[in-house]
Amino acid sequence: MSEFGLRLAISLTQIAAVMGIVVVTVLLLTLAERKVLGWMQDRMGPMEVGPYGILQPFADAIKLFFKEDIIPAGANKFLFTMAPILCLIPAFIGFAVIPWGPNWTLEIGGITVKPFVISDINIGILYILAFASIGAYGIILGGWASNSKYSLLGGLRSAAQIISYELNVGLSIIGVVILTGSLSLVQITDAQAGWFWNWYLFALPAPQIFAFVVYVISSVAETNRVPFDLPEAESELVAGFFTEYSGLRFAFFFLAEYANMVLVSCVAAALFLGGWQAPYPGTILELLGLPSLSWIESTMWFAIKTYSFLFLFFWLRATLPRLRYDQLMKFGWKVLLPIALANIVATSIAVFVSQQMK
Amino acid sequence: MAHLFFGYFAGMITITSILVVALRNPVYSALSLLIMFFHVAGLFITLHAEFLAAVQVIVYAGAILVLYLFVVMLLNVNRDDRYHSQWRVVAFVCVPLSIEFLVLLSGTMGAANRQPASLPVEPHTADNTLAIGRTLFSTYLFPFEVASLILLVAMIGAIFLAKRDIGENEAKDVTRVPGAQ
């Protein structure tokens with residue numbers, strides 16, 4: 001039983017570390033978004049709290065924490081309380097299978113531990129897709145339980161959008177899965193070792209450039225961000241499904257949206273850009289004779305890739321106007337879906353031919 | 001440990017599937033169906049069928065049930081008591097089911113000592129997804145293709161049925177446009 005206890009303790013430590021990193025990243029993102037938007041619109045962004053405004057996230061958190069918690073009259077109290085939690089849990093649970101660093105194994109007290117991934121399950125990417133699809137329930141139930149027409153319409157719109165674009169996310173991933181022959185994110189990143197042209201974005205025999213574009217567009221839509229933030233179109237639906245939410249419950253929805261952004265960025269980095277692999281073979285620290293510290297370089301590369309995706313989210317928000325709802329649906333089903341399907345056929349043929357040539 | 005997990009999952013599946021039909025509020029029924037799907041997925045995981053578990057959650061919980069919720073919310077179904085007093089139907093379904101249950105129970109009493117049928121692959125080590133793919137595209141290729149064809153036909157039929165009215169209305173609208181003359 002002590003082995004079980006040790007395993008539990010190690011897993012809990014890993015989970016705490018990953019959760020800590022994600023929450024800190026989300027705090028950083030709330031500030032970074034406002035700063036980046038400010039610079040792009042030629043203004044300063046938040047400047048008041050702390051030097052250069054860097055303590056703004058804490059001010060926001062304290063404000064949300066102490067705000068009055070309002071449950072509207074006629075709302076379904078149970079579901080109104082459950083919805084933010086249902087939204088938040090799927091957003092955080094997906095990080096369990098993301099590999100943050102090299103695929104090392106450690107021996108601690110007789111059991112083998114992979115320090116840079118909480119759980120290397122053999123259906124990693126399907127696990128993330130499964131829980132991403134559960135996130136729609138929080139939104140749709142939050143909209144329904146508020147007992148407000150704006151919330152209900154916002155929730156329905158948002159759920160329809162998430163289901164439509166989830167399909168494109170799933171189909172764009174299949175090309176990578178065909179190339180690797182595995183669903184485990186650890187094995188997918190391991191297969192992209194070496195120079196950067198081994199990343200699946202550029203890798204022969206079937207560069208996944210189209211799949212990558214489809215994935216990025218669909219993941220922006222799936223996280224309900226601009227230009228696909230129809231669910232919270234201010235001019236039509238006030239604030240969408242969280243119109244009636246305030247205080248801590250609103251903070252949960254907010255947190256879930258940002259955690260989802262981080263999650264899709266991590267998946268994009270792991271699937272298409274080699275995850276923690278540097279663009280050159282091996283690591284510089286290893287060449288300098290410090291192989292035990294090379295994980296720092298690897299995790300830094302992962303962070304750089306993830307943060308460049310997150311920057312892309314802000315960039316899109318500052319650049320593009322919102323789509324109309326029918327345009328959004330048409331674009332998803334009539335443009336992105338055929339591209340993703342054609343990519344699967346092309347990748348399968350290319351992989352088959354290259355296997356026959358060998 | 002395995003028995004404990006099986007007991008938990010099986011118990012929850014039974015309770016939540018009874019709640020699906022017993023609860024008066026259709027949204028709560030849909031939610032207990034969601035909990036049931038999760039526990040079925042959990043049961044698959046205890047059997048080392050991770051792929052099936054993931055597909056169970058993605059397809060049933062993630063897509064089909066969300067559409068059910070759509071229908072329930074948009075139709076604004078009231079807590080209608082009409083559907084909760086169909087005792088004749090209940091008796092018609094339950095009597096054969098309980099007889100079947102008794103027959104199965106008496107049958108398994110003798111078979112309790114028998115070993116389970118040997119599996120073609122070692123479930124703990126083999127790649128579950130690979131095994132399913134191999135079986136589906138070799139042994140069961142024809143049923144698989146037939147099933148996909150039937151689904152395609154059903155999808156085209158649904159689009160045809162749903163789209164017919166819209167097409168007629170659009171045609172009427174076009175003739176009324178003044179600039180078209």
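**Close-up views of a predicted two-chain model**

Confidence in chain A. In this predicted model, the mean pLDDT of chain A is 84, and 98% of its residues score at least 70. Among the elements of chain A, the highest mean pLDDT, 89, belongs to helix H7 (residues 209–222) of chain A, whereas helix H8 (residues 234–237) of chain A has the lowest, 65.

Contact between chain A and chain B. Chain A contributes 18 residues to this contact and chain B contributes 17 residues. On the side of chain A that touches chain B, the elements giving two or more residues are helix H4 (124–145) and helix H5 (149–180) of chain A. H4(A) supplies the largest share of that side, 10 residues. By residue class, the side of chain A that touches chain B comprises 16 nonpolar and 2 polar residues, with no charged ones.

Packing of H2(B) with H3(B). Helix H2 (residues 26–46) and helix H3 (residues 50–75) of chain B have axes that come within 8 Å and cross at roughly 175°. Because this angle is over 145 degrees, H2(B) is roughly antiparallel to H3(B).

Residues joining H2(B) and H3(B). From H2(B), the residues that meet H3(B) include Pro26(B), Val27(B), Leu33(B), Phe37(B), Phe38(B), Phe44(B) and Ile45(B). Among their counterparts in H3(B) are Glu50(B), Leu52(B), Gln56(B), Tyr60(B), Leu65(B), Tyr68(B) and Val72(B). The contact of H2(B) with H3(B) divides into 20 nonpolar residues, 1 polar and 1 charged.

How values were computed. Residues are numbered from 1 along each chain as its sequence is written. Chains are lettered from A and ligands numbered from 1 in the order in which they are written. This is a predicted model: local features need pLDDT of at least 70, side-chain atom pairs count only at pLDDT 80 or more; totals for chains, interfaces and linings use all residues. Two residues are in contact if their C-beta atoms, placed from the backbone, lie within 7 Å. Helices (H or I, at least four residues) and strands (E, at least two) are DSSP runs, numbered from the N terminus. Ala, Val, Leu, Ile, Met, Phe, Trp, Tyr, Cys and Pro count as nonpolar, Asp, Glu, Lys and Arg as charged, and the others, Gly among them, as polar. Axes are lines fitted to C-alpha atoms, for helices over the stretch in contact, and angles run from 0 to 180 degrees between N-to-C directions. Angles under 35 degrees count as roughly parallel, over 145 as roughly antiparallel, 65 to 115 as roughly perpendicular and the rest as oblique. pLDDT is the predictor's confidence in each residue, from 0 to 100.
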